[in-house]
Amino acid sequence: MSYVKALLAMLGAAEGRARRLALFRHFHAEREPLFLLCWRPGGEDGRAAAVTYALGRGPARTVVAGDPRNWELQAHMLHEFALAFNPWFDRFAALRVPCRRTKQGEERLVVHAAPQVVVANTATKKFLGQLAQFVKVLPPSLRTPELDRLALHLAFLHELSGSKGQSLLVVMTQALDFHYAIPLMAPERQSLSVADVTVCHDRSHYIEALVNAEETQFGPLPATGWEKEVFEVVRQFNAARGKATDRASVTPFLDPIESEYRSLSAPALEILRESYYREASYTAAPSVQGRRLEDRRRYTLHVDWAAGGRQRGLAPTPWHAFRWMRRMEEDAAVFDAESACDDPALMAEHLVAGGAFRGRVISSDPHHTEPGRARRVVRPLVTLRLDEDCTPPPPGQEFWLSTHPHGKPWVVAEVRPLPAGGRFVMLRLTTEGRKLSIPAAGECACFVSFSADRGPWMQLPKSRPRAFGGV
Amino acid sequence: MYEGGELMVRTVEETLATAWRGGAPSAGNNSREVAKYVATGRCPTRGLCLAAGVSTDRLLRGTRYEVPFGQSPFAIQRGRKVEEVARANDAQAIRLRAEAEFGPFARWRVVDVAALYKKPDWEVGVRATREALGRVLEGDAVAPTLIFGAAFAYELKRRTQHYEADALLVTPRGVIYVVEIKSFPKVAGQADGQKLGEAMAQASIYVLALRELVSRLGGDPARHVSDEVLVFTPENFRLRLTSTKKDVGRRARYTEEALRLMPSVPEFERAVPRGFNFGEVADRGREESERVAPLERVACAVGTTFGPECLGNCGLFRFCRERQYRDRRLDALGPEVTNLLPGVETWDEALEHSEGRAQSGLPNVRVVADRLARARRLIDEAHASAGAGTRRVRK
């Protein structure tokens, strides 16, 4: 945690309401995302007892399995959910727009819009991955094309959710944790209602509202007390259905169970929606658009890959795991860089930590030349007077302008104390910088030690290395 | 304690602990309670509850501090089913995995100690476990290779705690492994990290108890007791068992150290207010304020620690949380904040530093104060410069 966030958390604790950290919204918000709540029975990982979903502010729908411990009942319930989910998820693939041209002049198309699923907490996100794995181990007699497609989509969402900055699967507790300095401990912040009540409550201090907020459940695991009641209802359902497992036969007996889960989901869904739309009303940071384009690109790749009828195994291959890890790390670095450069409040964290510095430009020479290898080359120079409480950067370290954290870096050429106090820093751009707007004398400039560029894609060698069994 | 089959005279510690417990609900003195105590960072008040054998989950029932607890009936049923699978056909499932791990077993003899007795009458189970392990250490031809429900009488600060391990496995080389049978699945070779960690924490306590027993029987714990445990779980959502072998040596050392540092009953006696007993706290016939007052007194006298590990491991979480907020202590905000601000106890003190109103002679506190002051200036500046650009826009 940064000092800025810690300070805001302490202010929130003192004032009785969480303080907002980020000035902007750093995730894309759709007008009508799919809100999703999943419930599973205790001790049964990967089994969905019920799924409640709602599109935007539309009516909620709850699908229950009856007894998810029975594989047939579970498969039929997931099939019914897939019949609703798959068409919604796939429909975005229909409309495509030009995105870019390849070096060979080929036009690449990307979907015009991408789906967005909103869940309450990281446990639900993890559960979606388990659900995808469960479908993969179903016997062939229970698997349907709709189920296979559902598993592909859920696995895709679960895998992508590890990428910071993506907005295909929004986890509201993570979103709140990023945008606010919530004055609670990490395990407490896992409950959406608890995190949300520190932001929005009608008491004098959030601590007075915490106990009531903790009563609301978001799944996937309900409270033990509630489960004890539903255990009896499930027992009655099993007695009523006998040996029947087909959906048509068991549906008449599902009402009591559906009613239980509907009542359980209603308050949670309301809080999930209110929290989302409250955050969506904030102005989006400029970089959100670029990341949403990346979401659309990845979604396009996914649906095109899924259209080939391919399946993923239960565990990722080493190559897949490597690519995924690489992508997550890069996404995280790019997101941190972009969000800090967009948002002065987030930049404050880096200024305090020494990852960025700023000052007023004393002199600026965009046409400064110096000897190159064969001829003189243009290397712009900027000298600025460092803000008093900024940590002076070490000579030779690379920085980027916060207004343009891309491309070739600036290098710190010299750091010298000024006679009247303070320090001046001279930076040299390591390229000509024709397209770059060089800060002029008298302007404030901020330099950051991170870039928002994605690095070159790492390729694995064509042949397996000896250390991994090759020759 | 059980020596030579005779029940020893009740110790002074046990008498005192029983007095402290009063009419409060009992925790049962099982390994889970010890694991929870270790997990809460050796909180003295939690330790007092452990010493007195009090269930913190049930202590504050009926008050606003009550926390939900208990096990799901679905989870209990699944656990029973997994156990049935493990025990079926002379524990064939365990034998197959054990042979894959340790090589073929020349003989396979299963003893079910749990079937011999009914809790809380531990004496029979503890004796049966001692006899079985005694034969193992002697290299007896009819010694068991798998002992279900092995019972231990573990001495903790001169008080006897009873634990029941799921099973003990004796390999062909005569090394004894603690076996845990759990119902969470291992999918694609990966088990849930948190649940596996909890299983290992529990198993590490059994390893300590087993070492003590082997030592008492004249064996060499370093040679006969493995630091590794076998956790049997269903594979890929089905009921076919697979195993995970994990080294709990470091965890066992940590647990042993934590238990060694746990105050003894006489040490608690010096701090606990005279006449205190948990029965007053648990008494639902009394007003909430009357119930909580003695707990507050003993918490002040004995001390508490507060951290994220308390949630889920201690039924006094809400009670302690309210105390933290009442005293405006930084611990309420978690170690992410307290680790950043060493030497600063309350958020009022930290905020005074950020405003430059507090002076401290400690160098680390001065550094913290400078950074907080800088953070304050920057955040105020950021919010002032933001203006209308970030104001909420109704969609």
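Reader: Why is Arg64(B) called partly exposed?

Author: In this predicted model, Arg64(B) has a relative accessibility of 44%, and because the partly exposed class runs between the 20% limit for buried and the 50% limit for exposed, Arg64(B) is counted as partly exposed.

Reader: What makes the pair of Glu322(B) and Arg64(B) a salt bridge?

Author: The closest N and O atoms of Glu322(B) and Arg64(B) are 2.8 Å apart, and since the rule asks for a side-chain nitrogen of Lys or Arg within 4 Å of a carboxyl oxygen of Asp or Glu, the pair qualifies. This pair links distant parts of the chain, with Glu322(B) in helix H13 (residues 317-326) and Arg64(B) in the loop between helix H4 (56-59) and helix H5 (73-102), 258 residues apart. Glu322(B), at 32% relative accessibility, likewise counts as partly exposed.

Reader: Which class does Arg376(B) fall into, buried or exposed, and what is its salt-bridge partner?

Author: Its relative accessible area is 16%, and because buried means under 20%, Arg376(B) is buried. The partner is Glu355(B), with the closest N and O atoms 3.0 Å apart. Arg376(B) sits in helix H16 (residues 363-386) and Glu355(B) in the loop between helix H15 (347-354) and H16, 21 residues apart. Glu355(B) itself, at 38%, is partly exposed.

Reader: Why is Thr245(A) called buried, and which residues is it in contact with?

Author: Thr245(A) has a relative accessible area of 19%, and as the limit for buried is under 20%, the residue is classed as buried. Thr245(A) lies in the loop between helix H8 (224-241) and helix H9 (247-250) of chain A. With its neighbours within four places in sequence left aside, Thr245(A) is in contact with Asn70(A), Glu72(A), Leu73(A), His76(A) and Val250(A).

Reader: What makes helix H3 (residues 44-52) of chain B mostly covered?

Author: Of its 9 residues, 8 are buried, among them Arg46(B), Leu48(B) and Cys49(B). Gly53(B), with a positive phi near 70 degrees, follows H3(B).

Reader: Which class does Arg284(B) belong to, exposed or buried, and which residues gather with Arg284(B) in the patch of positive charge?

Author: At 55% relative accessibility Arg284(B) is exposed, because exposed means over 50%. Arg284(B) occupies the loop between helix H11 (278-282) and helix H12 (288-302) of chain B, and the residues that gather with Arg284(B) in the patch on the surface are Lys228(A), Arg58(B) and Arg61(B).

Technical notes. Residues are numbered from 1 along each chain as its sequence is written. Chains are lettered from A and ligands numbered from 1 in the order in which they are written. This is a predicted model: local features need pLDDT of at least 70, side-chain atom pairs count only at pLDDT 80 or more; totals for chains, interfaces and linings use all residues. Side-chain values use heavy atoms; hydrogens and water are left out. Patches are made of residues with over 30% relative accessible area and no salt bridge: like charges are joined within 9 Å, nonpolar side chains (Val, Leu, Ile, Met, Phe, Trp, Tyr) within 5 Å. Accessible areas come from the Shrake-Rupley method with a 1.4 Å probe; for residues, only the protein chains shown count as cover. Lys and Arg count as positive and Asp and Glu as negative; His and the chain ends are not counted. The place of a charge is taken as NZ of Lys, CZ of Arg, CG of Asp or CD of Glu. Helices (H or I, at least four residues) and strands (E, at least two) are DSSP runs, numbered from the N terminus. Buried means under 20% relative accessible area, exposed over 50%, partly exposed in between (1.4 Å probe, protein chains only). Contact means heavy atoms within 4.5 Å.
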